[in-house]
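Have the structure open and follow along.

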There are 2 protein chains.
Amino acid sequence: MEEDAVIKAMSALAHANRLRIFRLLVVAGGAGATPGTIADTLALPAATLSFHLKELLNAGLIGQQRQGRNLIYRADYAQMGALLAYLTDNCCQGEACDQPATLACQC
Amino acid sequence: MEEDAVIKAMSALAHANRLRIFRLLVVAGGAGATPGTIADTLALPAATLSFHLKELLNAGLIGQQRQGRNLIYRADYAQMGALLAYLTDNCCQGEACDQPATLACQC
DNA sequence: TCCATATTTCGAATATTATGGAATTAATGG
DNA sequence: CCATTAATTCCATAATATTCGAAATATGGA
């Protein structure tokens, strides 16, 4: 992952509303969720939600698919994995990052 | 790790200058680095560097120690590990994040 | 075609973040 | 106590991000 992409992804997740949106989509899994559902769940005005969805989309962290009148958003696990890989590499270079609890991969 | 701390840490790393500063400190390891060295290496004005160091410090991602006339900054691997743990947990909930290459822990 | 629903885009106000020169604080040695 | 080096804080400016009502766009059904 390029530095630009990393910064975009981190910026996207570094906001309470967007982190909640992303977490909601992670929990939603393959079914994804529509803006309507997300707006209801997180009590966000439609325009505000749309702004944040665009940010996450732009960062490649989520995907979008139209289904009739609805749009379905889904978390992009590959992109999130790539971000984690970058951070893991940069955490562990130069010095052992030997904290078993924090870095035990549960996947 | 609390949501607030996660957002602070992500915000701190979501900036080209700060990501570079942090990576430099990770590579520097236990010896750490002084603002002078960092400023020279990354070609940043002192005031700008100081601003970014404060952000990283505030996010708990780096530590500070005075040694004579110099300040020594060091990466805080535990905090970075905690951030990674949070993200890993939130990436892997709900759906398998089964991309061996991206999530193989090298630590 | 017309209406209702779902969602986005526009736009303008507000808030937050970033930059860097100049002034300030901290530490050491002569 | 003064000069020097190291680094921060102050401050004004510039740039970017956030919010959300209102208007626009898209879709499907009557």
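## Starting from a loop

A:Ala43 sits in the loop between H3 and H4 of chain A; helices (H or I, at least four residues) and strands (E, at least two) are DSSP runs, numbered from the N terminus. Before going further, note that this is a predicted model, where local features need pLDDT of at least 70, side-chain atom pairs count only at pLDDT 80 or more, and totals for chains, interfaces and linings use all residues. Residues are numbered from 1 along each chain as its sequence is written, chains are lettered from A and ligands numbered from 1 in the order in which they are written, and side-chain values use heavy atoms, with hydrogens and water left out.

A:Ala43 is not a glycine, and yet its phi is positive, at about 55 degrees. Most residues other than glycine have a negative phi. A:Ala43 is also exposed, with a relative accessible area of 65%. Here buried means under 20% relative accessible area, exposed over 50%, and partly exposed in between (1.4 Å probe, protein chains only).

Now look at chain B. B:Ala43 is in the loop between H3 and H4 of chain B, has a positive phi near 55 degrees, and counts as exposed at 65% relative accessibility.

## Chain A as a whole

How many helices and strands does chain A have? There are six helices and two strands, and along the sequence they come in the order α-α-α-α-β-β-α-α. Chain A has 107 residues, 43% of them buried. Take the contacts (heavy atoms within 4.5 Å) in chain A with a separation of 6 or more: 55% of these are between residues 24 or more positions apart. Chain A exposes about 5,200 Å², with 50% of that supplied by carbon and sulfur atoms; accessible areas come from the Shrake-Rupley method with a 1.4 Å probe, and for residues only the protein chains shown count as cover.

A:Thr34 is worth a click. This threonine lies in the loop between helix H2 (16–28) and H3 of chain A. Is A:Thr34 buried or exposed? A:Thr34 is buried, at 18% relative accessible area. Its side chain makes a polar contact of 2.9 Å with the side chain of A:Thr37. A polar contact is a pair of N or O atoms within 3.5 Å; within protein, one must be able to donate a hydrogen and the other to accept it, and residues adjacent in sequence count only if both atoms are side-chain atoms. Neighbours within four places in sequence aside, A:Thr34 touches A:Asn70, A:Leu71 and A:Ile72.

Strand E1 (residues 62–67) of chain B runs antiparallel to E2(B), and six bridges join them; two strands pair if DSSP finds at least two bridges between them.

## Meeting the DNA

DNA strand C has 23 residues around it, the closest being A:Gly36, A:Ser50, A:Tyr73, B:Arg18 and B:His52. A residue is near a strand if one of its heavy atoms lies within 4 Å of it. Of the atoms of DNA strand C within 4 Å of the protein, 68% belong to sugar or phosphate and the rest to bases.

DNA strand D has 22 residues around it, and A:His52, B:Gly36, B:Ser50, B:Arg69 and B:Tyr73 come nearest. For DNA strand D, sugar or phosphate accounts for 71% of the atoms within 4 Å of the protein, and bases for the rest.

Some individual distances to the DNA:

| Protein group | DNA atom | Distance |
|---|---|---|
| A:Gly36, polar backbone atom | phosphate oxygen, DNA strand C | 2.8 Å |
| A:Tyr73, side-chain N or O atom | phosphate oxygen, DNA strand C | 2.3 Å |
| B:Thr48, side-chain N or O atom | phosphate oxygen, DNA strand C | 3.2 Å |
| A:Arg18, side-chain N or O atom | phosphate oxygen, DNA strand D | 3.1 Å |
| A:Thr48, polar side-chain atom | phosphate oxygen, DNA strand D | 3.2 Å |
| A:Arg69, polar side-chain atom | base oxygen, DNA strand D | 3.5 Å |

On the surface near DNA strand D, the elements giving two or more residues are H2 and H4 of chain A, plus helix H3 (35–42), H4 and strand E2 (70–75) of chain B. By class, that surface near DNA strand D has eight nonpolar, nine polar and five charged residues. Ala, Val, Leu, Ile, Met, Phe, Trp, Tyr, Cys and Pro count as nonpolar, Asp, Glu, Lys and Arg as charged, and the others, Gly among them, as polar. The surface near DNA strand C divides into eight nonpolar, ten polar and five charged residues.
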